[in-house]
Amino acid sequence: MSLQKRYNFTTNPKNDILSGTVVAVALIPEAIAFALIAGLSPQIGLYTAFILGLITALIGGKPGMISGATGAVAVVLVDLVLKHGIEYMFWAAVLAGIIQILIGLFRLGKFIRLVPQPAIYGFVNGLAIVIATSQIPLIKDSNLMTIFLVLLTMAIIYILPRFTKALPASLGALIAITALVLTFNIDTKQIKDLADISGSFPTFHLPAAPLNFETLKIILPYSIIIALVGLIESLLTLSVLDEMSGERGSGNQECIAQGVGNMTCGLFGAMPGCAMIGQSMINFTSGGKGRLSALTAAILLILFVVVLNKYIALIPLAALVGIMFVVAIATFSWSSLGHFKRMPKEDLFVMISVTIITIFADLAIAVIAGVVISALVFAWKHAKIYARTHMEGERKIYELEGPLFFGSVYSFLEKFDPQNDPFEVVIDFKNARVMDQSGVEAIDKITKKYKEAGKSIVLRHLSPECKQLLTEAGPYCTWEEDDPNYRVAIDY
C-alpha cells in the first residue's frame, strides 16, 4: 500500500477543506455541551476536540473520522470530577490512553468483529435518535422563527446539491442561514448564548494530583471504563464508515491513535474523548474522505477559539441543529426496517434491544448487551446434538452430530437408553465436537450410567486432549487414525 493511499491526504483537497470547515463549526456546541455534562469549563471540551481530533487525524485508523469530547465518555467523568476533582480526571485520561495503546499493540481491536450485524443496526439507529433528541435542548422554548430556520437549513442541505456540488451542502446552509440572521437581525439563539468560547492555545499541564498508589487506586476503575467505552464507540464508528465507504480501516491503529490522543489530552488540560459518529457522518456526507478533512476541522476549531471567536459566536444555533437533524436522518439505517419481515425473530430482538438501550442507557452497555444477547441466542439455537443409531451385529452404534457444550448437554444425555440398549454400545464422535468442560462431564456421566447398567461401552473419535480430560470415560476411549485434533475450552 502506497503512503499516499494509506494516509489519503490529497484525494480531494477542496472537498476535505470545505467539509472540515463544516465539522469545525458543528464541533463547538457538542464540545461545550459534553464538557458541561462532566462539570467542566467549555474550553476543556474545545481543547479535547482540538487535541484528540488533531492526533487521530494524523495517525488514526480511518481517514476522515472525527474525534473529540463525547457524551459516552463525559458521563463516566461526572462521578470522578465530583468526588475527586479535575486533576484526578487528567491522570485518568493519561491512564486510559495507556490502556488503549496496549489494546492496539496487542492487536485486540479485531474483537469488535464479535459485535453482530443486528447489534450494529441497533447501535446506529439508537445513536441516530440520540443525535436528534440531543438537539432539542438547544432550541427548546425558541420562537417560531427559530423552528423555521431549522427547517430552512434542512431544506437547503437537501436542495443545494441539485444545483451545485462545488460547495458542501452543510457549509452552504450554514453560510446562508448565518447571513440571513445577521442581515435581518432575526431574534434567535446564537453560539454566544451557549457559552463564551474565547480562549488561548492549550499548554502543557502536569496534573497536580500526586502520582502515587492511592491515586492509581482512585483512577484505575474510571480509566478502564473510559478506555473501553471510548474504543467501543470509536471502533463501531469505524465499522459504520467502512461499510459506507467500502474501504476497510485499521481497528488496531485507531486504538493506538485514541490512546495517544487521550494521553496528550490529560497532559494538556483536556478531558478524554473518542470518535464521534455524528461529526464523522457530517464529514463523510460533505465529501470529506481524507485525513486533510479531520486535520482542517481540528486546526480551524482552535483558531475559532483563539482568533475568530467573535465571529463564530454569531452563528445561529438553528443552523447547527438543522445540520445535526439531517445527520441523524442519514445515520439511521433505514434499510434495517426493510429487514423486519425477513430477519429472524432472534436478530430482530437483538436489534430492537440495542436500539432501546442506546437511547435510554449507554452506548457501551447497549453494545455489550447486544453481544451477550446474541451469544445466548446462538447458544439456544445450537443447543441440540443429533444422533443416528444402527446395529452392527449385536452392537448398537450412536453416530453423533453437532457441538457438545453446556447448552446441548441435556439434549446429549436424552439420546441414550442405558437400561434397554444391548450389551455392547459404541458412541462415535466423528461428526461431533466437545466444546467445553460441561461436554467432558456429560461424556463421563453417560459412561458411568452404562457401567452401572453392566454394559460395555466404546468411545470413538475424540481428540487426544478431550481423552486426557475424561476421568470416568478415559479407559473406554479408542485411538483411531482419523481422530480429530482440537482443544477443549476449559479454565487451564
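I take a helix to be a DSSP run, H or I, of at least four residues. I am working on a predicted model.

**Entry 1, helix H4.** I looked up Lys83 and Asp79. They form a salt bridge, with the closest N and O atoms 3.5 Å apart. The two residues are separated by about one helical turn, because they sit 4 residues apart in helix H4 (residues 71-84). Lys83 is exposed at 57% relative accessibility. Asp79 is partly exposed at 29%.

I noted a count of 11 salt bridges. One of them joins Asp242 and Lys62 at 2.9 Å, N to O. Asp242 lies in helix H11 (residues 213-245) and Lys62 in the loop between helix H3 (42-59) and strand E1 (67-68), so this pair ties together parts 180 residues apart in sequence. I find both Asp242 and Lys62 buried.

I then checked Glu465 and Arg487, whose side chains meet in a salt bridge of 3.6 Å, N to O. Glu465 is in helix H22 (residues 464-469) and Arg487 in the segment after H22, 22 residues apart. Glu465 is buried at 13% relative accessibility. Arg487 is exposed at 59%.

Is Ile323 buried or exposed? I read a relative accessible area of 2%, so Ile323 is buried. The residue belongs to helix H16 (residues 317-331). Beyond its neighbours within four places in sequence, Ile323 contacts Val22, Thr153, Ile157, Ser170, Leu174 and Ile282. Its C-alpha atom is 8.2 Å from that of Val150, 173 residues apart along the chain.

I located a surface patch of positive charge made by Arg107, Lys110, Arg113 and Arg248. Arg113 is in the loop between helix H5 (86-105) and helix H6 (117-133). It is exposed at 60% relative accessibility.

How values were computed. Residues are numbered from 1 along each chain as its sequence is written. This is a predicted model: local features need pLDDT of at least 70, side-chain atom pairs count only at pLDDT 80 or more; totals for chains, interfaces and linings use all residues. Side-chain values use heavy atoms; hydrogens and water are left out. Patches are made of residues with over 30% relative accessible area and no salt bridge: like charges are joined within 9 Å, nonpolar side chains (Val, Leu, Ile, Met, Phe, Trp, Tyr) within 5 Å. Accessible areas come from the Shrake-Rupley method with a 1.4 Å probe; for residues, only the protein chains shown count as cover. A salt bridge is a side-chain nitrogen of Lys or Arg within 4 Å of a carboxyl oxygen of Asp or Glu. Lys and Arg count as positive and Asp and Glu as negative; His and the chain ends are not counted. The place of a charge is taken as NZ of Lys, CZ of Arg, CG of Asp or CD of Glu. Buried means under 20% relative accessible area, exposed over 50%, partly exposed in between (1.4 Å probe, protein chains only). Contact means heavy atoms within 4.5 Å.
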